[in-house]
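Dear colleague,

I am passing on the structure below, together with some notes on its charged side chains. Please read the notes with the coordinates open beside them.

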Amino acid sequence: MEQLELRAIPRSITGKKVKRLRKIGMTPGILYGSDITSAALKFNTREIEKVIAKAGSSSLIQVQVEGSEQTYMTIVRDVQRDVIKRFVTHVDLQALNMQETVTLPISILLVGEAPGVEELGGVLLQQIYEVEVECLPADLIPAIKVDITELIEIGDAIAIKDLDIPEKIHLFAEPDDIVVQITFVAEEELEEETVEETLLGEAAEVAIVGEEEEEAAAVEMEE
């Protein structure tokens with residue numbers, strides 16, 4: 001796995017003034033961890049955009065802070081983005097103790113083409129996109145790859161227990177939870193129609209009950 005590296009510079013600008021940094025191609029962030037003092041940092045915007053895109057939530061990033069001989073092995077804990085343009089506006093990095101386990105989500109990546117979709121016209125339904133895991137930092141993987149070429153027939157599915165992951169990684173998920181499966185288009189349309197019919201039926205019942213209550217009230221007033 002490629003070793004991701006990131007250079008950082010200590011920053012004194014905080015609060016709303018960080019907008020000045022973005023105008024000169026720098027992105028604010030913070031580095032924290034149980035064994036270090038939290039530090040406000042700034043990063044080259046282009047560099048951090050590339051690193052975050054590759055790292056996701058579970059890849060290790062080696063951070064070198066200007067003026068310090070120490071390097072930190074970190075993971076991305078939070079990324080804030082511009083609501084409209086989606087560029088990174090702030091990043092939180094957690095420095096890890098390589099001897100202590102860490103708990104975080106790992107993305108599930110579907111690989112290949114499912115024959116049940118290509119040949120039978122089925123629909124690929126992914127129900128789980130990431131799972132919480134616990135392991136030592138050195139055992140982290142960028143993503144859990146799921147080979148969907150095994151999904152041949154309608155109804156075929158891959159569950160948590162079928163995932164191919166290293167033994168040193170512990171998953172916080174039920175073994176029988178379905179990650180991805182092949183289903184019928186007709187089944188989905190039927191389900192939508194059933195829901196719509198149910199809602200219309202409930203609305204009609206409410207209307208009838210309301211009319212009956214109004215009629216009963218009118219009779220009582222006449223009496």
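In what follows, a residue is called buried under 20% relative accessible area, exposed over 50%, and partly exposed in between, with a 1.4 Å probe and protein chains only as cover. By that scale Arg7, with a relative accessibility of 59%, counts as exposed.

Two remarks on the source come before the rest. The model is predicted, so that local features need pLDDT of at least 70 and side-chain atom pairs count only at pLDDT 80 or more, while totals for chains, interfaces and linings use all residues. Residues are numbered from 1 along each chain as its sequence is written, and side-chain values use heavy atoms, with hydrogens and water left out.

Salt bridges

A salt bridge here is a side-chain nitrogen of Lys or Arg within 4 Å of a carboxyl oxygen of Asp or Glu, and by this rule the count comes to three. Helices (H or I, at least four residues) and strands (E, at least two) are DSSP runs, numbered from the N terminus.

In one of the salt bridges, Arg7 pairs with Glu47, and their closest N and O atoms are 3.0 Å apart. This pair links distant parts of the chain, since Arg7 belongs to strand β1 (residues 4-10) and Glu47 to helix α2 (residues 45-55), 40 residues apart.

Because Arg81 lies in strand β5 (residues 71-81) and Glu49 in helix α2, the pair ties together parts that are 32 residues apart in sequence. Both partners are partly exposed, Arg81 with a relative accessible area of 33% and Glu49 with 24%.

The side chains of Lys161 and Asp176 also form a salt bridge, at 3.0 Å from N to O. Lys161 sits in the loop between β11 and β12 and Asp176 in the loop between β12 and β13 (178-183), so this pair ties together parts that are 15 residues apart in sequence. Lys161 is exposed at 55% relative accessibility, and Asp176 is exposed at 54%.

The loop between β11 (157-159) and β12 (170-171) also contains Lys168, which is exposed at 63% relative accessibility. The C-alpha atoms of Lys168 and Cys135 are separated by 6.4 Å, although the two are 33 residues apart along the chain.

Charged patches

Patches are made of residues with over 30% relative accessible area and no salt bridge, like charges being joined within 9 Å and nonpolar side chains (Val, Leu, Ile, Met, Phe, Trp, Tyr) within 5 Å. A positive surface patch is formed by Lys16, Lys17, Lys19, Arg20 and Lys23; of these, Lys19 is found in helix α1 (residues 19-23) and is exposed at 55%. A negative surface patch consists of Glu113, Glu118, Glu119 and Glu153, with Glu118 placed in helix α3 (residues 115-118) and exposed at 57%.

Strand β10

Strand β10 (residues 143-147) has a covered face, made of Ile144 and Val146, and an uncovered one, made of Ala143, Lys145 and Asp147. In a regular strand the side chains alternate between the two faces of the sheet. Five bridges join β10 to strand β7 (residues 102-111), the two running parallel, where strands pair if DSSP finds at least two bridges between them. Opposite Lys145 in β10 stands Leu109.

Conventions: Accessible areas come from the Shrake-Rupley method with a 1.4 Å probe; for residues, only the protein chains shown count as cover. Lys and Arg count as positive and Asp and Glu as negative; His and the chain ends are not counted. The place of a charge is taken as NZ of Lys, CZ of Arg, CG of Asp or CD of Glu.
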